[in-house]
Amino acid sequence: MQTDLQTLLTQALAQLDYGQQPATLYDPIRYIMGLGGKRLRPLLTLLGGQLFTDDLGPLVKPALATEVFHNFTLVHDDLMDNAPLRRGQPTVHERWNASTAILSGDVMLVRAYELLFEHVPPALLPQVLRRFSQTAAEVCEGQQWDMNFEQEATVSIAQYLDMIRLKTAVLLGFALELGAVLAGAPAADAEHLRQFGTDIGLAFQLRDDLLDVYGDAATFGKRVGGDILADKKTYLLLTAQAQGGPIQQATLGHYLGQPVTDAEAKIQAVRAVYDELQIRPQTEALINQYFEAGLLHLERVAVPAARKESLRRLALQLLEREV
């Protein structure tokens, strides 16, 4: 089912009309939307809906709103991060310019709202737009916290977890909730799906943090140790700072906030501190905690287990677990 739904979504995305003139405004939108990706968010909307209905046709266009919105955030985030590449290709601001990235991103946000406004049944529209607006604001809050943390000397683990919840996880939760609401699910089931998506999103982001330090570069898709080189305040670093003794603190202090003269030496030294403090198993334990909490919410959705199997398998795949 998952492959069929992804094909359906890819075909539907290819048919979207974002606008034509000026081409310098709309070509960047077609460019970023054409770079591929997992299409995870609209897939979650369809999988959330299929728990309650077999007719997914009316859910496709609203589901695409989550993908257009997600890519809007990528265009603006790449600009704020001055990132040169997205999915192996030049980012919008690199291929065009910063002003174009801002304006094209703005239009993408408008188009996301239009997809909801035009394709959500009128009786459900106020509820959907209210939840979407809340989620969109939370994603922006998460990005702002992430930027704030770059300048702040002290960030707590709780603050970091709340930041990734806002920046990454809440949109996954909304995508599932949207599918449930459009399919006529009871409010309690829609809420369990939102919580399921949020918990899985937290686990997924923490796993990404872990792979940045301990992953295989060939399969990770980017340089291992990039967060260490950038002094990024991840769960791993914040936990090490909170638990480290004088020697570990001295090692971290020697490398953090300093120009990188030997990248590999810095990565190995910080990773050694993580190893000494058992940061990897602690991170894995927290990933498991969120994963299990998410599955518990999925179990509480009042539909037959067989209908939930596709969602359960997707969650396992996202965290590279045994299906």
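Which residues does Phe196 touch, not counting residues up to four places away in sequence? They are Leu176, Gly294, Leu295, His297, Leu298, Leu311 and Ala315, where contact means heavy atoms within 4.5 Å.

The views below come from a predicted model, in which local features need pLDDT of at least 70, side-chain atom pairs count only at pLDDT 80 or more, and totals for chains, interfaces and linings use all residues. Residues are numbered from 1 along each chain as its sequence is written, and side-chain values use heavy atoms, with hydrogens and water left out.

**View A. The largest nonpolar core has 96 residues.** Residues with the most contacts inside this core are Leu193, Phe196, Leu206, Tyr274 and Leu311. A nonpolar core is a set of buried Ala, Val, Leu, Ile, Met, Phe, Trp, Tyr and Cys residues joined through side-chain atoms within 4.5 Å. Buried means under 20% relative accessible area, exposed over 50%, and partly exposed in between (1.4 Å probe, protein chains only). In soluble globular proteins, nonpolar side chains tend to be buried together.

**View B. Helices α15 (residues 279-299) and α16 (residues 305-318) pack at an angle of about 175°, with their axes 11 Å apart.** The two helices, α15 and α16, are therefore roughly antiparallel. On the α15 side the contact is made by Phe291, Leu295, Leu298 and Glu299; α16 contributes Lys308, Leu311, Arg312, Ala315 and Leu316. Helices (H or I, at least four residues) and strands (E, at least two) are DSSP runs, numbered from the N terminus. Axes are lines fitted to C-alpha atoms, for helices over the stretch in contact, and angles run from 0 to 180 degrees between N-to-C directions. Angles under 35 degrees count as roughly parallel, over 145 as roughly antiparallel, 65 to 115 as roughly perpendicular and the rest as oblique.

**View C. Thr135 is found in helix α7 (residues 125-151).** Thr135 is buried, with a relative accessible area of 1%. A polar atom of its side chain lies 2.9 Å from the backbone oxygen of Arg131. Leaving aside neighbours within four places in sequence, Thr135 is in contact with Val170, Leu171 and Phe174.

**View D. The peptide bond from Gln21 to Pro22 is cis, with omega near 0°.** Pro22 is found in the loop between α1 (2-14) and α2 (23-33).

**View E. Asn82 has a positive phi, near 55°.** Asn82 is placed in the loop between α4 (60-81) and β1 (85-86), and counts as exposed at 55% relative accessibility.

Definitions and conventions. Polar contact = N/O pair within 3.5 Å; in protein donor to acceptor, adjacent residues only side chain to side chain.
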